[in-house]
Amino acid sequence: SRVGRDPRVVFLVESGQAWRELQAVHLTGVGEVVESPDWGTVDLMFDAKYADFRTPRSAMPASARKRYDAGRALVRITPTEPFISWDNRRLETR
């Protein structure tokens, strides 16, 4: 994996579409592929968090689960710098 060859990672989560709506968190760190993760627990956590936005894995056809499982990896990120965040909704507009 790329993380195995070079563990430097940057992770960005953002939301909003128009500039005044943009919110984000930016994280810089070192990535590590988790060996033999407990996928059952991981899948339950994702199913609970995103229940309104995706099909639970248990309800997917076997062919879809197989496609999603190909090359699947869990990466643990250890921050190397303080995270950066912004929320343009808090800015005054003129």
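Leaving aside neighbours within four places in sequence, which residues is Asp-47 in contact with? Keep that one in mind while we get set up; the tour comes back to it.

**Before you click**

This is a predicted model, where local features need pLDDT of at least 70 and side-chain atom pairs count only at pLDDT 80 or more, while totals for chains, interfaces and linings use all residues. Residues are numbered from 1 along each chain as its sequence is written, and side-chain values use heavy atoms, with hydrogens and water left out.

**Stop 1: the whole chain**

Show the chain as a cartoon. Trace the chain along the sequence and the pattern reads α-β-β-α-α-β-β.

Now zoom out. The C-alpha atoms fill a box of roughly 55 × 35 × 20 Å along the principal axes. The radius of gyration is 17 Å, whereas a compact globule of 94 residues would have one near 12 Å (taken over C-alpha atoms, with the globule rule being 2.2 Å times the number of residues to the power 0.38).

The chain exposes about 7900 Å², and carbon and sulfur atoms supply 55% of that (Shrake-Rupley method, 1.4 Å probe; for residues, only the protein chains shown count as cover). Of the 94 residues, 17% are buried (buried is under 20% relative accessible area, exposed is over 50%, partly exposed is in between, with a 1.4 Å probe and protein chains only).

**Stop 2: Asp-47 and its partners**

Select Asp-47, which sits in helix 2. Back to the opening question: apart from neighbours within four places in sequence, Asp-47 is in contact with Arg-54, Pro-56 and Arg-57 (contact means heavy atoms within 4.5 Å).

Asp-47 and Arg-54 meet in a salt bridge, 2.8 Å from N to O (that is, a side-chain nitrogen of Lys or Arg within 4 Å of a carboxyl oxygen of Asp or Glu). Are the two partners buried or exposed? Asp-47 is buried, with a relative accessible area of 16%, while Arg-54 is partly exposed at 31%.

**Stop 3: Arg-57 and Asp-43**

Next, pick Arg-57 and Asp-43. Their side chains form a salt bridge at 3.1 Å, N to O. Arg-57 lies in the loop between helix 2 (39-49) and helix 3 (62-69) and Asp-43 is in helix 2, so the pair ties together parts that are 14 residues apart in sequence. Both residues are buried.

Together with Asp-43 and Arg-57, they are linked in a network of salt bridges.

**Stop 4: Asp-87 and Arg-89**

Jump to Asp-87 and Arg-89, whose side chains meet in a salt bridge at 2.9 Å, N to O. Arg-89 counts as exposed, at 53% relative accessibility. How many salt bridges does the structure hold? There are 8.

**Stop 5: Ser-36**

Finally, select Ser-36, in the loop between strand 2 (23-33) and helix 2. Check the backbone here: phi of Ser-36 is near 50 degrees, a positive value in a residue other than glycine. Ser-36 counts as exposed, at 72% relative accessibility.

Methods
Helix = DSSP H or I, 4+ residues; strand = E, 2+ residues; numbered from the N terminus.
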